[in-house]
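Visitor: I would like to learn how to read the features of a model such as this one. Please take me through them one at a time.

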Amino acid sequence: MKRICVVGTGYVGLVTGACLADLGNSVICLDIVDEKIERLRAGELPIFEPGLDAIVRRTVAAKRLSFTTDYSEGVPGVDYIFIAVNTPTGPDGAGADMSHVEDAAKSIAENLTHDVIVINKSTMPVGSGNLVSQRIHEHLRDTSLKVSVVSNPEFLREGVAVHDFKNPDRIVLGSTDRDAADAVAKLYLPLRAPIMITNLYTAEMIKYASNAFLATKISFINEMARICDLLGADVTEVAEGMGYDKRIGRAFLNAGLGYGGSCFPKDIKALAFMADEVGLHPQLIEAVMKINHDQRRLAVERLEAALGGSDSLRGKNIAVLGLAFKDNTDDMREAPAIDIINWLIEAGANVHTYDPVAVETAQRIQPDWQVRYCDDELAAVTGCQGVIIVTEWKRFRELNLAELRAVMAEVEGGPVLIDGRNLFNAEEATIAGFRYFGIGRGVERARGVTRSRGEKRSDTKAARNLHKYNGDLREQQ
Ligand code: UGA
């Protein structure tokens, strides 16, 4: 049984701490926010993460998991200290803010009485291993102590973080001290995953490159979706057809309203910033970010076009289904719903919304929003002329569209359904009485969307783009 301290009780820290305790270790989770620790001590989780509750209860009962706000209680006597505090985007709007990490390193150093391995679990800019080591050595009271720093990036997805911890594709460890990396590897042996040991910089870069690649897959398929809309193909089938190729893989090829969350937007921005700092203009990831932003805008543009063009949202009731940045989480950091609701409000719409777990988060982070929070999907769409599905919640997939349609407002041609996550197909939605618009589901629908009242088919934006595209091609030939 190893003794471990985990600093930071957010999604990463709490999942890591509880799961390491579940593997038989003795873990103390430390956070400087009193309220979080009080709630944890009272048996309440400060975050929503499926499956975590049971593990916390079980390991607390077995006395292998405890909580503190005090470094002088958390640090002495442990063999490993994980740093899992947040590294938000910094005040310059690009690089990562390392102040929480630096504070943690200082507090760890000031309370150390023995040799220890410090593990950087949070996503930190390449080179942070050295920074943490430097800060610790600056503040050590007993300079004869040996402190080794190991970078151990996490690859957990919110919503399935417990599953991901227990079934990792790989464990990455980077250090200048091979023995320290080997010692950390021992903690993960029960998981029977491939373990890769690299130098510090490489481990840190593996994390950024992995997130950037996944974000690129998403922006790639979203660009394909735009093209599919113009050319008459269905992106969901395109993704399936591509996915059978083992070199490509089907995962992360779901076209939609783009990525959000606390990781991709922040990490991709930070990677671009790091590249820029060393004199390289990161062309691909710049494009990934731009496509992601434009994708959110698409939902509102399509709705507005379908309801009659410019200024048509003014005074309309619009339902937004889903607030969380993805399913199975209450997290709304960088959620597409934030931009979409703000744009709807700006356009003069009355927004009704429902999310199975993120309403409390929305009320906390957007206290000024004039939106109507509803108890379920049916209440949200009642009296609305249009609805946008923003989050891929499984329960939305199971909605009875005819039932929804029946309580919505009467609109010429039917109320509009913008299926921002491609949960339904056009046929079932049309039979239920909706004017349906998915993302990348074919040119006919794109033409319908972009055509404003009275405009001929050949004048639509989609048709114009198509002609321009063909013209450009002809010019090139
Ligand atoms: C992501 C990575 O998947 C994890 O491996 C990583 O550890 C984590 O970031 C992190 O750096 O901490 P997470 O942000 O929890 O995990 O969520 P994802 O499941 O990756 O989804 C991110 C966003 O992409 C969501 O908004 C989701 O809706 C969107 N997405 C995902 C798509 O639009 N299409 C897809 O095909 C997949």
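Visitor: What should I know about the model before starting?

Guide: This is a predicted model, in which local features need pLDDT of at least 70, side-chain atom pairs count only at pLDDT 80 or more, and totals for chains, interfaces and linings use all residues. Residues are numbered from 1 along each chain as its sequence is written, and side-chain values use heavy atoms, with hydrogens and water left out.

Visitor: Which residues come nearest to the ligand?

Guide: A residue is near a molecule if one of its heavy atoms lies within 4 Å of it. There are 21 residues around the ligand, and Glu154, Glu158, Lys207, Cys263 and Glu392 come nearest.

Visitor: How are these residues divided by class?

Guide: The scheme counts Ala, Val, Leu, Ile, Met, Phe, Trp, Tyr, Cys and Pro as nonpolar, Asp, Glu, Lys and Arg as charged, and the others, Gly among them, as polar. The shell around the ligand has nine nonpolar, four polar and eight charged residues.

Visitor: Which N or O atoms lie 2.6 Å, 2.7 Å and 3.0 Å from an oxygen atom of the ligand?

Guide: A polar contact is a pair of N or O atoms within 3.5 Å; within protein, one must be able to donate a hydrogen and the other to accept it, and residues adjacent in sequence count only if both atoms are side-chain atoms. The side chain of Lys207 has an N or O atom 2.6 Å from an oxygen atom of the ligand. For the side chain of Glu392 the distance is 2.7 Å. Gly260 takes part through a backbone N or O atom, 3.0 Å from a ligand oxygen.

Visitor: How much of the ligand's accessible area does the protein cover?

Guide: Accessible areas come from the Shrake-Rupley method with a 1.4 Å probe; for residues, only the protein chains shown count as cover. On its own the ligand has 710 Å² of accessible area, and the protein covers 94% of that.

Visitor: Which elements give two or more residues to the shell?

Guide: Helices (H or I, at least four residues) and strands (E, at least two) are DSSP runs, numbered from the N terminus. The elements in question are helix H9 (200–231) and helix H11 (264–277). H9 gives the most, with three residues.

Visitor: How many disulfides does the structure hold?

Guide: A disulfide is a covalent bond between the sulfur atoms of two cysteines. The criterion here is a pair of cysteine sulfur atoms within 2.5 Å. The structure holds zero disulfides. For Cys29, the closest cysteine sulfur is that of Cys5, 7.8 Å away and so too far for a bond. Cys384 is likewise in no disulfide, with the sulfur of Cys374 the nearest at 7.6 Å.

Visitor: Are Cys29 and Cys384 buried or exposed?

Guide: Buried means under 20% relative accessible area, exposed over 50%, and partly exposed in between (1.4 Å probe, protein chains only). Cys29 is buried at 0%, and Cys384 is buried at 0% too.

Visitor: How far apart in space are Ala209 and Leu271?

Guide: Ala209, in helix H9, is 62 residues from Leu271 in sequence and 8.3 Å from it in space, C-alpha to C-alpha.
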